[in-house]
Amino acid sequence: MDGMLISIIVFLIVYIAITFELVNKAVAAFSGVAILVLLNVISPHLPDGHSVSSGHHAPSAIMLIDYETIMLLFGMMIIVSVLKESGLFTVVAIRIAELTRGKPIKILVLFSFVTAIMSAFLDNVTTVLIIIPLIIELTKGLGLNPKKYVLTQVIISNIGGAGTLIGDPPNVIIGSKVGLTFNQFLFNMGPPVLVIFFVVLLFIWLMDKSEYKPIDNNIVKLFTVNLLLEKIRYDFGIARINNSLIIKGLVFLCITILLFITQTITHLPPGVVAISMAIFLVLYTKTDIEKILEEVEWTTLMFFVGLFILVGSLEHYHVIKWIADNVFSRLGDDPYVNVLVVQWVSGIASGFLDNIPFTITMIPIIEIINESNPALQNLLWWALALGACLGGNITMIGASANIVSIGIAKKSGVHISFIEFMKLGAVISFISLLISSIYLIIRVNMIF
Amino acid sequence: MNKDQITIDKLFRYLIRVYSTSATSVIGLDSFHTAIKELVCADKDLEVEITKLSDAVKNTQPRMFPLDNLMLILDKEIKSLASENQLTKESVAKLLDAFKKRLKSDVDSLVEQGVRWIQDGDFIVIHSIEENIEHLIPEAKKRAVNFKILVLKQDIITTGKILSILNENQIDFEVIPEYDLVHYFDKITKLFIGTQSLTNDNYLICDPGTSNIVSECHIHEIPIYLFLKTLKFSHYPAADQNIRKNSYQDEHDGIEYEYSIHSNDIINLKLISHIITEQGELSLDQISSIREQILFDN
């Protein structure tokens, strides 16, 4: 059996194992890597001259890893861990709960704003880990239906995350592998994401106006809100708040974002910025590194490493080129068709498959399409990013934040079924992808 | 029971676990104040709305004292204001502020009265969060009395709160499980307890677990001191204190069973050696006349 066939079979088995959650996704990816190494399809050694491989030899597994992406994720995870340790998220969450004063419409809008902003600059999973328990406590305590609020926040976290380079794993991967800057993401993804955010919020409100009616005329509910806020203050306030660490953490986060924004001037890759700032933050604040490293999502990082190797192997054995030549090249040269197909295929696929391996697989395919149609500039990347991030809302397995949120909700006695998620998620994904399509068509029009 | 009442009950039950009943009453009064401030209703409906909320507070399971008595006083005052056409949000706010002041002054007086009962060399057993813990014991420490506290461990929330108060005030303490008390009867000198209310048939409504400890101390002739404000003298009998029985299905090693727990213990007042209020030490005979006076003292 040749390397190409083994790579395809192993990749498909790993993909199925990940999609149906047969085993832990990092274990699945690394098992695949182990098989490829054992069968000598890829090599565990560094090649001479540090190229991926020489001649017909097996590619070096180590050289297939995209270290830029791993460094960016690792660095941001450390910064987030320090901020979490400082109690910043607790302070923000309690303050938002107080600002809503228990009013359903304010809970919907204010929490959505916070979720979107947090998801844009931190990772979505951290965001939902902070927001979901609080919103369940608040809405359950007020006798509201927590399901609607949980679903809204999960969906908004995926939308908010789509807006920046560091907001969602597909963006991190695209940005790092393709070399797109933070500003390019912000200026190209920001506008459609902003429109989608407001349209989705309006849609959710219109769908169930009665749920968000005011409570100002119900004295018992108003009384309950105040008792509930006291309980929330106690529950969430037990966490240690370290004001000095909050300030230092925020300063370092701002510097990190500033360095992302000024990337075109400094020429510092985001991965280098993230990991340097993370380690300086730990050094400056004298935070217990062992405690911080415990918070790092090693499984996610391992998963990324494994997938990079698996997809790198497919690329080395020309499987990706074959897909690009035989599937996407049949689309012809029509820029509208190219962009829209990439966006909708990415969107729908990301709803049912994990969007991380999907994005990693699509990058080399899009690189090939881009080579044959360079006039499209970066539009195919934006189409991929919009599709992969927004499509994650279709089903509860579409994005990590969905799975984590549904798990937290279940623990709090709020059961959200696959169908319940899909009923709202699929409609919102359709609206989001439609708006993205309009945006992409306008962008294509501006070029041609 | 409607959904809002169930929510209020749950919240009150939670808050009195982590704060004292007095602190929870202050939270209740503040919440009442804010609710009235934010309420959108016609002036003519204000009395109905306030009564609705007052009833909800009075119907909690278990009854919340001193808040229950304050609500009875409030009902009386609201009726009087309404009959004089002077019922406004501002007038209600003034009443609620007066209640808060009264609570504060009662606590101060109770601390002043109670601190006399802590002497050098005392080894005092405490069990739950009440005024005696939150105010009395730290005050004795401030006055340089040399004593030690034996904390009977309950759930982590309640015990955690007690420990943080003792630690903050640098009070010498030892923690043991409730069931270990038997090994300390030759060392302890007093048991201090608080209560959620003293019923009109002379029973104390206390935190779960208090009854066993009081019984044990009574058998071993350890003096039992009850600290409470007179606003906790209830106008209802023990059977009408809305003590809640919570049952749910549990499972151990495949054996399914119904697990039940009551929100409070009931303790006969006869087991108490000393009843200390903001008015000083009271005898059993004085209680009923003071109870009758409560609603007219504001």
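Of the 448 residues of chain A in this predicted model, 52% count as buried. The secondary structure of chain A consists of 22 helices and zero strands. Taken along the principal axes, the C-alpha atoms of chain A fill a box of roughly 75 × 50 × 45 Å. The radius of gyration of chain A is 22 Å, which agrees with the value near 22 Å for a compact globule of 448 residues. When contacts in chain A between residues at least 6 apart in sequence are considered, 79% join residues at least 24 apart.

Chain B can be described in the same terms. Chain B has nine helices and 12 strands. Buried residues make up 40% of its 298 residues. The C-alpha trace of chain B spans about 65 × 55 × 35 Å along its principal axes. For 298 residues, a compact globule would have a radius of gyration near 19 Å, and the 20 Å of chain B agrees with this. Among the contacts in chain B with a separation of 6 or more, 78% are accounted for by residues 24 or more positions apart.

The strands of chain B come next. Seven of them form an open sheet with mixed pairing, in the order β3-β2-β1-β4-β7-β11-β12. Strands β3 (173-177) and β12 (280-282) of chain B stand at the edges; each has a single partner strand, so one side of each is left without a neighbour in the sheet. From one strand to the next, the twist averages 30 degrees.

Strands of a sheet pair through backbone hydrogen bonds, either parallel or antiparallel. Strand β1 (residues 123-126) of chain B runs parallel to strand β2 (residues 148-153) of chain B, and four bridges join the two. Here B:I126 stands opposite B:V151 in β2(B). β1(B) is also joined by two bridges to strand β4 (residues 190-193) of chain B, again in parallel. In that strand, B:L191 is the bridge partner of B:V125. B:T277 has B:G280 in β12(B) as its bridge partner. Helix α5(B) packs on the sheet and touches β7 (224-227), β11 and β12 of chain B; the direction of α5(B) makes about 140 degrees with that of β11(B).

Chain B also holds an open sheet of three strands, with the order β5-β6-β10 and antiparallel pairing. Its edge strands are β5 (197-198) and β10 (265-268) of chain B, each of which pairs on one side only. Two bridges link β5(B) to strand β6 (residues 203-206) of chain B in the antiparallel sense. B:L204 in β6(B) is the bridge partner of B:L198. Helix α8 (residues 210-219) of chain B packs on this sheet, touching β6 and β10 of chain B, and the direction of α8(B) makes about 25 degrees with that of β10(B).

The buried residues of α4(B) are B:L67, B:D68, B:N69, B:L70, B:M71, B:I73, B:L74 and B:I78. These buried residues pack against α2 (21-38), α3 (46-58), α5 (89-114) and α9 (284-294) of chain B. After α4(B) comes B:N85, whose phi is positive, near 55 degrees.

The remaining topic is where the two chains meet. In all, 16 residues of chain A are in contact with 22 residues of chain B. Helix α11 (residues 219-237) of chain A supplies 12 residues, the largest share of the side of chain A that touches chain B. By class, that side of chain A has seven nonpolar, five polar and four charged residues.

A:G141 lies in helix α7 (residues 124-141) of chain A. A:G141 counts as buried because it has 21 C-beta neighbours inside 10 Å, the cut-off being 20 or more. Apart from neighbours within four places in sequence, A:G141 is in contact with A:L228 and B:T7. From C-alpha to C-alpha, A:G141 and A:I232 are 9.9 Å apart in space, although 91 residues separate them in sequence.

Terms used: Residues are numbered from 1 along each chain as its sequence is written. Chains are lettered from A and ligands numbered from 1 in the order in which they are written. This is a predicted model: local features need pLDDT of at least 70, side-chain atom pairs count only at pLDDT 80 or more; totals for chains, interfaces and linings use all residues. Two residues are in contact if their C-beta atoms, placed from the backbone, lie within 7 Å. Ala, Val, Leu, Ile, Met, Phe, Trp, Tyr, Cys and Pro count as nonpolar, Asp, Glu, Lys and Arg as charged, and the others, Gly among them, as polar. Two strands pair if DSSP finds at least two bridges between them. A residue is buried if 20 or more other C-beta atoms lie within 10 Å of its own, exposed if 12 or fewer, and partly exposed in between; C-beta atoms are placed from the backbone. The radius of gyration is taken over C-alpha atoms; the globule rule is 2.2 Å times the number of residues to the power 0.38. Axes are lines fitted to C-alpha atoms, for helices over the stretch in contact, and angles run from 0 to 180 degrees between N-to-C directions.
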